[in-house]
Amino acid sequence: MHPLVTAEWLLEHLQDPDLRVADVRFSLADPLAGRMAYLEAHIPGAVYLDLETDLSGPVRPDRKGGRHPLPDPQALAATLGEDGIGDEHFVVAYDENGMFAPRLWWLLRWLGHERVAVLDGGIRAFVAAGGSLTAERPEYPRATFTPRPQAGWVVSAEEVASRGAGTVLIDARAPERYRGEVEPIDPVAGHIPGAINRNWADNFEPDGRHKSPQALRERFAAGEGKELILYCGSGVSASANLLALEVAGIKGAKLYAGSWSDWVSDPSRPVAKGEEG
């Protein structure tokens, strides 16, 4: 199944009974902004899923597991079911900048639900294609979502540290954060030694749609045919790179879900700065 749908496709299929649309807009700087934007106007039929309360688990006081730990599979399944998303539904996730919808796309696939895609270009593309927004909140009957976590999709800090020599480790953060020049969120600046940088925000054309499969394949050529591990600050924007890899036809990449925020929770772990590859 292709990981992206177009705004035109969504407009044609909004009334499909097996479709569920999920608004995943969020702002790391203002955690309530996405929910408020949803309440003001959203794609008709969309439910809202919050990055921190729905799509992440509780943050530990020692920060082990990172700033956005993976949610408990049973807890996420219950949340999805309460919102009317079940095993029988095709889920389309959207946001406004390409960072957050891939989190839901990856989580559902990690839980064994393949019928999921991201709206290419997000809510802007929907409006540009002639779609109308609404403030009306849908009411769906409770559904049953059966979680089947996929083994081997997630790696720990220990597995990152002991990875094989041929493994390609990709950091999805902005280049200045990767190089350790600035760090606006986490207590330590820099990157995991040996990682290369592929900024998630460079996966898109100026209109917010993804670049072509060929262009994305060229972006991630260093990892083609090799074991791939992806990380970012807290496991969120790395999902945008996982989606881009899927569009490019490069499969099998793993997620270091705790990412940089988990890595630096242990001061004994090494930190690098500057460019690598």
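Residues are numbered from 1 along each chain as its sequence is written. In this predicted model, local features need pLDDT of at least 70, side-chain atom pairs count only at pLDDT 80 or more, and totals for chains, interfaces and linings use all residues.

**Exercise 1.** Determine which residues of helix α3 are buried, and what caps its N-terminal end.

*Solution.* Step 1: locate α3, which spans residues 73-82; helices are DSSP runs of H or I with at least four residues, numbered from the N terminus. Step 2: apply the term buried (under 20% relative accessible area, 1.4 Å probe, protein chains only). The buried residues are P73, L76, A77, T79, L80 and G81. Step 3: inspect the N-terminal end, where a side-chain oxygen of D72 lies 3.1 Å from the backbone nitrogen of Q74. Step 4: move to the residue just after α3, where G84 takes a positive phi of about 85°.

**Exercise 2.** Describe the residues that line the second largest pocket.

*Solution.* Step 1: recall that a pocket is an open set of points on a 1 Å grid over the protein atoms alone, where a 1.4 Å probe fits, with protein on both sides within 12 Å along at least five of seven lines; lining residues have an atom within 4 Å of a point. Step 2: count the lining, which has 13 residues, with Y38, V47, Y48, D83 and R137 nearest the centre. Step 3: assign elements; α2 (33-40) supplies the largest share, three residues.

Terms used: Side-chain values use heavy atoms; hydrogens and water are left out. Buried means under 20% relative accessible area, exposed over 50%, partly exposed in between (1.4 Å probe, protein chains only). Helices (H or I, at least four residues) and strands (E, at least two) are DSSP runs, numbered from the N terminus. A polar contact is a pair of N or O atoms within 3.5 Å; within protein, one must be able to donate a hydrogen and the other to accept it, and residues adjacent in sequence count only if both atoms are side-chain atoms.
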